[in-house]
Amino acid sequence: MMASASSVSISQAIVAGAVNHGASSNLSDRLPLRSITFPTFSGLKSTNLNASCSSRLGSARRRLSRRLVVKATAVETLEKTDTSLIEKSVNTIRFLAVDSVEKANTGHPGLPMGCAPMGHILYDEFLKYNPKNPYWFNRDRFVLSAGHGCMLQYALLHLAGYDSVKEEDLKSFRQWGSKTPGHPENFETPGVEVTTGPLGQGIANAVGLALAEKHLAARFNKPDNEIVDHYTYVILGDGCQMEGVSQEACSLAGHWGLGKLIAFYDDNHISIDGDTEIAFTENVDLRFEALGWHVIWVKNGNNGYNEIRAAIKEAKAVKDKPTLIKVTTTIGYGSPNKSNSYSVHGSALGPKEVDATRKNLGWPHEPFHVPEDVKKHWSRHTPEGVALEAEWNAQFAEYERKYKEEAAVLKSLITGELPAGWEKALPTYTPESPAEATRVSSQQCINALAKVVPGLLGGSADLASSNLTLMKMFGNFQKGTPEERNVRFGVREHGMGAICNGIALHVPGLIPYCATFFVFTDYLRAAMRLSALCEAGVIYVMTHDSIGLGEDGPTHQPIEHLASFRAMPSILMLRPADGTETAGAYKIAVLNRKRPSVLALSRQNVPQLHGTSIEGVEKGGYIVTDNSSGNKPDVILMGTGTELAIAAQAAGELRKEGKAVRVVSLVCWELFDEQSDAYKESVLPAAVSARVSIEAGSTFGWHKFVGSKGKAIGIDRFGASAPAVKLYKELGVTAEAVIAAAKSIC
């Protein structure tokens with residue numbers, strides 16, 4: 001039996017990245033849902049949920065009734081499952097990991113060998129999923145924060161029946177083009193929710209996933225229909241516990257009361273350098289209790305199956321707190337000579353130790369073997385998963401019948417489709433509009449989008465009044481008000497970014513943004529890099545983008561930051577010059593759901609310029625003003641952000657002296673690089689070598705545009721504490737400097 005069509009269609013839309021965009025009218029604060037036009041699922045492969053579904057509902061209910069009986073029987077059977085079969089299943093997981101690492105001669109066998117019991121109990125008895133549709137919306141989410149132990153997850157996906165991890169995939173572990181890379185990657189392996197590896201990121205992502213579930217449940221669940229209802233599970237290790245990002249995220253999880261977040265702490269006391277007693281001796285239980293978590297200790301994680309079951313049941317009974325289940329395990333369990341030591345953490349056991357481990361655990365099988373009784377035991381997850389999804393589809397059909405408007409919004413969030421004409425809500429500016437900081441323009445854009453983009457939510461790292469990121473028509477997401485859309489992250493930049501990655505990867509239609517001063521991207525860069533890698537379209541709203549912030553001085557003045565993000569793959573670095581370009585930057589950021597965007601915004605006021613356009617921003621670089629003809633200017637002046645106005649001022653003076661001057665905005669290098677050669681030639685003709693750039697940051701990278709004969713005006717030193725006007729003058733970021741440079745080359 002195939003899964004019901006609507007959810008499969010949604011998944012296909014997710015995988016294909018199908019995002020359609022249409023039109024909507026201007027809307028007032030807290031507008032009724034009926035005033036927004038949302039797309040339907042029409043055009044996707046399979047039956048439309050909007051279609052008449054009375055017969056389907058009847059048959060679905062009959063199937064559900066049968067499934068509930070089957071499920072009850074299955075649960076009873078599980079409780080009576082022979083311990084020997086469980087141990088055989090657990091050892092299957094262990095040896096699939098051992099054999100894969102051994103064949104690759106690289107990897108981390110220790111964690112899978114130690115965590116196999118909790119992995120088995122979770123995936124076999126508790127986790128809600130459909131192996132044939134990894135993107136079913138109401139599935140439980142699982143995150144392996146200790147991503148180096150990824151063979152645990154690959155083995156579980158293989159046993160559970162996911163098509164993404166076949167035996168040949170296990171045999172190609174860590175090889176070029178394989179679906180089983182060296183750390184879990186959501187963009188490579190269906191069934192993997194987020195990309196982990198840098199320790200601590202995964203638990204923070206899991207907080208974001210759990211936040212998203214709580215938020216959507218608060219917005220859409222009804223007393224008679226809890227249409228959003230799933231858990232987020234995570235396994236983290238000692239390394240994750242030591243990383244600061246986990247503390248930031250777990251502090252927020254406790255504050256927000258994320259009761260559907262359950263974290264297994266693999267308490268094995270071993271890290272790469274040896275026993276954790278050399279550097280990590282705190283009482284983790286008490287720390288998490290202080291953070292507002294419910295804490296359970298499973299003392300025998302090696303074969304205490306009933307203890308693990310009981311802990312999960314207890315955790316699910318706690319509704320107002322996240323739960324940490326500390327599971328004391330033996331790393332490399334079963335290895336006679338390497339278990340409970342750092343030597344089993346990050347390298348293959350070696351042929352002799354593999355043989356010894358097989359003998360020790362009574363495993364006579366050849367590599368990659370899955371015993372028939374284990375295979376049969378796990379095979380039930382495919383029909384059960386199909387039944388779970390079919391049940392939810394029937395539930396959604398009933399929800400849609402009774403709550404049509406809410407269902408339309410929820411559909412749009414599940415598919416990632418935006419309301420028709422949403423972009424028309426963006427504010428417009430003219431040269432006559434008053435000068436303002438681009439952070440102010442950003443605030444106007446956020447509040448305009450909040451009315452028409454139902455998945456927009458986010459906040460600042462305790463700088464909302466400076467970043468200007470509050471959505472004025474909404475309250476704060478808090479433990480008691482999870483339906484609200486302003487997220488207060490506190491002074492936790494790193495955790496903020498990692499949490500937003502989890503939100504973005506929960507469902508395509510959620511569009512998280514987060515904010516701080518641009519210089520403090522240094523605190524959240526690891527999360528931003530993972531945004532780019534794992535295709536999480538987070539919007540990073542970074543204000544105070546240059547020396548223009550003034551008196552706070554060089555600790556707060558970004559210099560190398562623009563260049564560093566331009567060097568990072570798969571991320572858009574946008575530095576808008578005025579209100580129009582800021583609106584264009586937000587349009588780009590909302591549309592790019594698989595590529596994060598960084599918006600560098602000014603503290604100081606800038607004029608609304610002649611010639612800027614949203615269409616130009618979409619191309620990354622474009623001509624703002626030009627008094628030349630035949631694509632042959634005497635000189636080309638280039639700039640971004642607040643310095644584009646300086647370039648325009650310098651152009652005016654040069655034109656008075658008879659020069660043909662073209663002013664170009666290079667608001668987003670990445671987008672400009674993606675344009676055709678013909679378009680780039682029309683903006684920056686190769687025959688014109690007289691080029692000057694100006695940007696209040698490092699000149700690194702500008703020479704690819706100005707060429708060997710051009711001049712790059714910028715700041716290749718740290719700033720200073722002084723008023724912004726004084727800093728620009730003393731550091732030579734002025735119209736006079738542009739004019740002098742232009743005259744020296746043309």
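Me: Which residue in β4 stands opposite leucine 236?
Reply: Keep in mind that this is a predicted model. Strand β3 covers residues 232–237 and strand β4 covers residues 261–267, and six bridges join the two. Look across from leucine 236 to β4 and you land on tyrosine 265.

Me: And what is the bridge partner of isoleucine 235 in β4?
Reply: Stay on the β3 and β4 pair, whose strands run parallel. For isoleucine 235, the partner in β4 is phenylalanine 264.

Me: What is the strand order in the open sheet of five strands?
Reply: β3 pairs with β4 through six bridges, and four bridges join β2 to β3. The pairing in this open sheet is parallel. Reading across the five strands, the order is β2-β3-β4-β8-β7.

Me: Which strands stand at the edges of that sheet, and why is one side of each left without a neighbour?
Reply: Take the order β2-β3-β4-β8-β7 and look at its two ends. A strand there has a single partner, so one of its sides has no neighbour in the sheet. From one strand to the next, the twist averages 20°. The edge strands are β2 (141–144) and β7 (294–298).

Me: Which residue in β3 is the bridge partner of arginine 141?
Reply: β2 and β3 run parallel, with four bridges joining them. Arginine 141 has its bridge partner in β3, and that is threonine 232.

Me: Which residues of β3 point the other way from Thr232, Val234 and Leu236?
Reply: In a regular strand, side chains alternate between the two faces of the sheet. Here both sets are buried, and six of the six residues of β3 are covered in this way. Opposite to Thr232, Val234 and Leu236 point Tyr233, Ile235 and Gly237.

Me: How many Å apart in space are isoleucine 262 and tyrosine 233, C-alpha to C-alpha?
Reply: Tyr233 is one of the residues that isoleucine 262 touches. In sequence they are 29 residues apart, but in space the C-alpha to C-alpha figure is 4.9 Å.

Me: Are α3 and α4 parallel or oblique to each other?
Reply: Their axes come within 9 Å and cross at roughly 140°. The crossing is right-handed. Antiparallel would need an angle over 145 degrees. That pair is therefore oblique.

Me: How many nonpolar residues are in the contact of α3 with α4?
Reply: On the α3 side, Ile86, Val90 and Ile93 are among those taking part, and α4 brings residues including Pro112, Met113 and Ala116. By class, the contact has two polar residues, one charged, and a nonpolar count of nine.

Me: Near what value is phi of asparagine 105?
Reply: Most residues other than glycine have a negative phi. Asparagine 105 sits in the loop between α3 (83–104) and α4 (110–126), and it is exposed at a relative accessible area of 61%. Its phi is positive, near 60°.

Me: Is glutamate 535 exposed or partly exposed?
Reply: Glutamate 535 lies in the loop between α19 (521–533) and β15 (539–543). Its phi is positive too, near 65°. Exposed would take over 50%. With a relative accessible area of 32%, glutamate 535 is partly exposed.

Note on methods: Residues are numbered from 1 along each chain as its sequence is written. This is a predicted model: local features need pLDDT of at least 70, side-chain atom pairs count only at pLDDT 80 or more; totals for chains, interfaces and linings use all residues. Side-chain values use heavy atoms; hydrogens and water are left out. Two strands pair if DSSP finds at least two bridges between them. Axes are lines fitted to C-alpha atoms, for helices over the stretch in contact, and angles run from 0 to 180 degrees between N-to-C directions. Buried means under 20% relative accessible area, exposed over 50%, partly exposed in between (1.4 Å probe, protein chains only). Contact means heavy atoms within 4.5 Å. Angles under 35 degrees count as roughly parallel, over 145 as roughly antiparallel, 65 to 115 as roughly perpendicular and the rest as oblique. A crossing is left-handed if the near helix is turned anticlockwise from the far one by less than a right angle, and right-handed if clockwise. Ala, Val, Leu, Ile, Met, Phe, Trp, Tyr, Cys and Pro count as nonpolar, Asp, Glu, Lys and Arg as charged, and the others, Gly among them, as polar. Lists of a residue's contacts leave out its neighbours within four places in sequence.
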